Amino acid sequence: MKKYLLMLVAGMAYAAAVPVARAEVVLGDIFARQTTSLNGKWNVIVDPYDTGYFDYRRQPYDATTKISGGFSLDHHAKDKSELVEYNFDTSPTLNVPGDWNSQDDKLFYYEGSVWYRRKFDVKKSAPDDRLFIYIGAANYEADVYLNGKKLGKHIGGFTPFAYEVTKLVKESGNSLVVRVNNNRHPEAVPTVNTDWWNYGGITRDVLLVETPATFISNFRTRLKPGTTNIIEVNAQLDGASREQPVKVSFPSLKIAAEAKADKDGVARFELSTPNLMLWSPESPVLNDVVISTGADELKDRVGFRTIATRGTDILLNGHKVFLRGICIHEEEPLAGRRAWSEADARELLGWAKELGCNFVRLAHYPHNEHMARVADEMGIMCWEETPVYWTIQWTNAETLANAQKQLGDEIARDQNRASVIIWSVSNETPVSAPRTKFLKSLVDEARALDGTRLVSAAMEVRSEPGDPLHKIVDDPFGEYTDLCSFNQYTGWYDGTPEKIDRIHWTIKYNKPVFISEFGADAQRGFHADALTRFSEEYQADVYKRTLPMLEKIPGFSGCTPWILCDFRSPRRMLPGIQDGWNLKGVIGHDGKKKMAFDVLRDFYDAKAKAGLAR
Ligand code: GCB
């Protein structure tokens with residue numbers, strides 16, 4: 001808790017501890033703020049050799065505070081004799097938000113740097129207001145410059161970041177330049193090897209944020225642990241006069257309170273409310289909340305619920321719940337592009353609802369903020385994840401700091417979403433002592449930042465040597481997670497579907513058993529017998545056999561089959577069949593449902609009717 005607040009207070013100090021950022025600030029609850037969208041068409045320069053970043057001796061132009069050259073200066077030739085070899089004004093444009101791969105055929109496979117430039121004017125509402133540039137996400141790293149000055153470098157493709165620009169902006173003709181680079185690196189998070197498309201670009205909203213001189217930089221609302229009728233609120237102020245009164249009110253609950261922020265700018269509240277309606281998938285109650293100071297006001301809608309485990313049960317608001325889930329990538333399948341908008345979130349989560357889901361696993365990295373917000377509204381619980389995927393440099397301290405920062409930023413962003421019940425720290429990582437230590441520190445971090453949600457990870461299964469039908473889950477990391485959660489692919493990577501009926505399980509942990517993935521590829525519309533790979537019948541058969549097999553596992557508490565929609569992957573190249581798509585969706589990339597969709601929906605309908613729907 002203390003650590004969390006420190007992180008919020010000291011954007012600068014926090015960033016300093018992490019070598020990947022300079023003067024980043026945390027701006028929570030971005031959609032509740034006064035913002036001007038900088039989305040739209042930005043001029044771009046594709047720069048495969050990083051000519052705009054390095055001089056010909058390969059020294060970065062921005063190594064010194066006064067930038068010595070390169071594209072970030074957005075320079076224009078003063079006269080006809082000056083040599084300038086770039087020009088944003090006459091360069092083509094790309095949409096922001098948006099990945100570059102799906103916007104220009106030439107960039108489909110491109111991995112490297114693209115420079116983005118956007119001009120804007122500013123009219124502040126009050127002279128001492130402060131201004132920030134907020135970027136929802138840029139994959140994988142972004143160097144950000146305003147009017148020829150460097151604001152900072154951000155590492156990590158799926159979390160938001162912001163820089164204060166109050167002293168740098170002009171009333172008109174501001175030049176915001178962002179170099180986005182999506183090269184893969186062995187030490188990065190994720191590392192070089194993934195089974196999804198490495199979409200590059202400014203993939204989420206860019207906003208100019210205006211705040212009062214001292215403002216509410218973030219807040220957290222939640223039930224006081226151990227209660228269902230006391231709301232705890234913490235608000236964080238940023239600015240010179242932090243020790244000032246802060247008000248919190250929940251108009252529909254008819255409760256309000258006032259407290260003075262301490263010298264660190266933190267105001268703490270506890271509000272009793274006897275008739276609080278708890279949030280659940282059946283009744284996703286959201287309450288209006290208003291946090292205000294004399295000058296600033298944030299309004300949001302928040303739900304309250306409890307989530308816990310007891311033995312092998314998951315308890316939502318004290319009642320046993322079965323998680324009827326599906327995995328989702330942040331991709332709009334019809335267009336084959338990164339999803340980013342509220343409309344995209346409604347499409348994806350709408351399909352999950354049709355499937356009978358009360359839960360989704362947002363794999364394998366933090367999705368855009370709309371997902372959890374729409375899930376809040378639709379009554380869908382969420383698993384959010386950090387991109388610690390497959391192999392990572394387990395002994396590299398910078399890699400760990402990077403993963404911790406991504407996890408912390410995700411928690412700071414989505415801590416007010418009742419729908420989010422699980423922070424997942426990794427997916428299918430190979431068992432070793434350094435890896436378990438690395439993951440354990442992420443679990444500790446998640447619990448320190450937010451002790452009110454479950455912590456999990458998608459682990460793997462092994463077979464008993466000499467007995468491929470005996471599946472064992474005994475990963476030592478399972479000690480530290482709240483769920484015993486694992487991926488298993490019997491019937492696809494492991495034998496054919498008939499094998500599924502014969503396997504039996506030994507699970508070491510007395511925890512809720514959660515199957516975070518199973519599935520099979522099917523080309524939508526390809527019909528054959530159930531033994532023909534890539535047919536809808538084969539995939540449906542895997543589902544038909546897997547679901548009853550899972551039901552036999554004691555403690556089986558839910559699953560998220562892989563996956564809602566087909567998604568692009570450079571690892572999936574079988575011509576005429578995959579053509580760059582992972583086909584494990586229960587919905588094809590033409591938006592049509594496959595046979596397995598119906599099998600899963602029938603299973604979930606029966607589960608909901610059986611009364612474990614709460
Ligand atoms: C997995 C991974 C997922 C892959 C999937 C597959 O176990 O977690 O990222 O896409 O299998 O299709 O092989």
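In strand 10, F161 is the bridge partner of I135 in this predicted model. The two strands concerned, strand 6 (residues 130-135) and strand 10, are paired in the antiparallel sense, and four bridges connect them. Strand 10, which comprises residues 161-164, is also joined by two bridges to strand 1 (residues 24-25), and these two strands run antiparallel. Within strand 10, A162 is the residue that stands opposite V25.

The packing of two helices was also examined. Helix 8 spans residues 536-551 and helix 9 spans residues 595-609; their axes lie 7 Å apart and form an angle of about 25°. Because angles under 35 degrees count as roughly parallel, helix 8 is described as roughly parallel to helix 9. The crossing in which helix 8 passes helix 9 is right-handed. On the side of helix 8, the contact is made by E536, E537, Q539, A540, Y543, K544, L547 and E551. Helix 9 contributes M595, A596, V599, L600, F603 and K607 to this contact. When these residues are sorted by class, the contact of helix 8 with helix 9 contains eight nonpolar residues, five charged residues and one polar residue.

With regard to the confidence of the prediction, the protein chain has a mean pLDDT of 95, and 96% of its residues reach 70 or more. Over residues 1-22, however, the pLDDT is below 50. In the model, this stretch has 45 contacts beyond near neighbours in sequence.

Methods
Residues numbered from 1 in each chain as written. Predicted model: local features only at pLDDT ≥ 70, side-chain atom pairs only at ≥ 80, totals over all residues. Heavy atoms only, no water. Axes fitted to C-alpha atoms, helices over the stretch in contact; angles between N-to-C directions. Parallel < 35°, antiparallel > 145°, perpendicular 65-115°, else oblique. Left-handed = near helix turned anticlockwise from the far one by under 90°. Contact = heavy atoms within 4.5 Å. Nonpolar A, V, L, I, M, F, W, Y, C, P; charged D, E, K, R; others polar. pLDDT = per-residue confidence, 0-100. Pairing = 2+ DSSP bridges.
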